[in-house]
Amino acid sequence: MKIARLVFNPIQENTYIIWDSTLEAAIIDAGESSERECEIIDKFIAERGLKPTLAINTHGHFDHLMGVEHLQRKYGVRFALSSKDEFLLKGASVSAELFGVRAGDMPETIDIDLDGLESISFGHTELKVIPTPGHTPGHVALYEPTSGVLFTGDTLFRESIGRTDLPGGDYSWIMRSIIDKILPLGDDVRIYPGHGEDSTIGHESMYNPFVVEVLNDEVNYKN
């Protein structure tokens, strides 16, 4: 599996294009928000002869959604999101305005509900869907075990974690997701977050202050 990271929109969100030997591709958290950014992603796809089939979202915040409608219109991709974040999808344009961002058209419906889905596939690639609520109720991480790669969205960043002060956020749940769902995957697993640089689970276990204070029993994250 090959991975490319493109950074889009005023929130500097990571959009990932992933593909395999079939040249079928999935776009994770499509955030392109302007004509210029749409041209950038289209050029990338065309130069490599890729065939996008899926737009998969780790969660429903507007900065991760702004490019989905473009991909649906141009490539006919199916849109995957947990229905637990549907309320965020419906309010995405308003949320963008509150952050001073002009969002444009947003997807109207979910084609593939990730809630309760164990995996999602394209080409020869299967991504395991891991529920990681906390940043949002329907947040998921996407894990490809053969490559040892985990797309963490806005749950776990390099030496930080996602916000839990937005609607549907919960600190206890995001830490449960990290400690109980992500860390057990192993130190060598490389994480690709929704913002910022990639990392490894091992690095986060050692240097992420939010994780370290829990592992050292300095914070009771369960209450």
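I shall take the helix pair, then the core, then one further residue.

This is a predicted model, in which local features need pLDDT of at least 70 and side-chain atom pairs count only at pLDDT 80 or more, while totals for chains, interfaces and linings use all residues. Residues are numbered from 1 along each chain as its sequence is written, and side-chain values use heavy atoms, with hydrogens and water left out.

Helix 1 (residues 35-47) packs with helix 2 (residues 68-75) at an angle of about 45°, the axes being 11 Å apart. Helices here are DSSP runs of H or I, at least four residues, and strands are runs of E, at least two. The axes are lines fitted to C-alpha atoms over the stretch in contact, with angles from 0 to 180 degrees between N-to-C directions. On the side of helix 1, the contact (heavy atoms within 4.5 Å) is made by C38, I41, D42 and I45; helix 2 supplies H70, L71, K74 and Y75.

Which residues touch the most other members of the largest nonpolar core? They are I17 and I41, in a core of 27 residues. Such a core joins buried Ala, Val, Leu, Ile, Met, Phe, Trp, Tyr and Cys residues through side-chain atoms within 4.5 Å, buried being under 20% relative accessible area, exposed over 50% and partly exposed in between, with a 1.4 Å probe and protein chains only. Beyond its neighbours within four places in sequence, I41 contacts residues including L6, F8, I17, H70 and L71.

Finally, I40 also lies in helix 1, yet counts as partly exposed, at 34% relative accessibility.
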